[in-house]
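Work through the exercises below with the sequence and the model open beside you. Try each task before you read its solution.

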Amino acid sequence: MPTVDLVADLGEGFGAYSIGDDNALLEIVSSANIACGFHAGDPDIMDATVAECVRTGVSIGAHPSFPDLRGFGRRAMDLTADEVRTDVIYQLGALSAFAAYHGGSVSHLAPHGRLGNLVATRADYAGAVADAAARVDPALIILAQDGELAIAAAERGLRVAIVGIADRAYQDDGTLVPRSQPGAVIHDPAVIIERTVRMVCEGLIEAVSGRDIAIQADTVLLHGDNPGAVDLARLIRSELIAVGVTIAPLAEVLDAKQKVSKQ
């Protein structure tokens, strides 16, 4: 049976405002994507979130985005590729400093929101993100959907982990249905759990057209910012373990995958 990482987006509050139950999710996940201040998060939140990740043994990931605090990083912005590169360097640098302070390190990078969608299809943005990661820390794992960022990262010698998102609808080409379209987000817990187990164990997920498409899921993204999300995350973890799936941080997942490929 496969080994898979469970990851959630954490540290996405701002000032006195909080989103989701990060402490509860840290008991469930093996990795965390931590907001770096551009779409959410601030120095105090980054500091506290990183400290908890180090304490609980959860792998730390940078979650850089467009500089869109008001829109939570979900709006397209007319940035140049160089601006994307420097924004990613800035955010990665900030989180790396907090990780170092607490005796940890950043193990992966996962672009957030609209930036995360665009790097799957825009080669210039993908190259900018991959260049930033490779030059700052060539040991970083790039968490991405299938597409341009996965290609660009591999070309620069970076390890790539493909993310599966069971509560989002997929199109036939493997990209996500835009949030602006009806049915983009799946809410039925039973459907989400079934899709997750099938995605991890069979490498398939049903697209909106009804046809099955192949999906490689090195990590499963668990959302924690809506009612019932933590309970659903616990169920997903327990169902995966019940069918024999091993839960492990990204680096261990990729190491296990490499061993299998050499057999």
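**Exercise 1.** Which residues lie nearest the centre of the largest pocket, and how many residues line it?

*Solution.* Before starting, note that this is a predicted model, in which local features need pLDDT of at least 70 and side-chain atom pairs count only at pLDDT 80 or more, while totals for chains, interfaces and linings use all residues. Residues are numbered from 1 along each chain as its sequence is written, and side-chain values use heavy atoms, with hydrogens and water left out.

A pocket is an open set of points on a 1 Å grid over the protein atoms alone, where a 1.4 Å probe fits, with protein on both sides within 12 Å along at least five of seven lines, and its lining residues have an atom within 4 Å of a point. The largest pocket is lined by 39 residues, and those nearest its centre are Gly113, Asn117, Gln145, Arg168 and Leu176.

Next, turn to the elements, where helices (H or I, at least four residues) and strands (E, at least two) are DSSP runs numbered from the N terminus. Helix H1 (22–25), helix H4 (113–118), strand S5 (141–144) and strand S9 (219–222) each supply at least two lining residues, and H4 gives the most, with 4 residues.

**Exercise 2.** Find what lines the second largest pocket.

*Solution.* The second largest pocket has a volume of about 320 Å³, a volume being the space filled by probe spheres set on the grid points, which are joined across faces, edges and corners. Of its 23 lining residues, Asp167, Ile186, His223, Asn226 and Leu232 are the closest to the centre. Two or more lining residues come from each of helix H7 (189–202), S9 and helix H8 (229–242), and H8 gives the most, with 4 residues.

**Exercise 3.** Which residues of H8 are buried, and which are exposed on the other side?

*Solution.* Take buried to be under 20% relative accessible area, exposed over 50%, and partly exposed in between (1.4 Å probe, protein chains only). The buried residues of H8 are Ala229, Val230, Leu232, Ala233, Ile236 and Leu240. Seen down the helix axis, these buried residues fall within an arc of 160°, taken from the directions from the axis to the C-beta atoms, so they line one face of H8. On the other side of H8, Asp231 and Ala242 are exposed.

Finally, look at what covers the buried residues of H8: the cover includes strand S1 (3–10), H1, H7, S9 and strand S10 (246–247). Just after H8, glycine 244 takes a positive phi of about 100°.

Definitions and conventions: Contact means heavy atoms within 4.5 Å.
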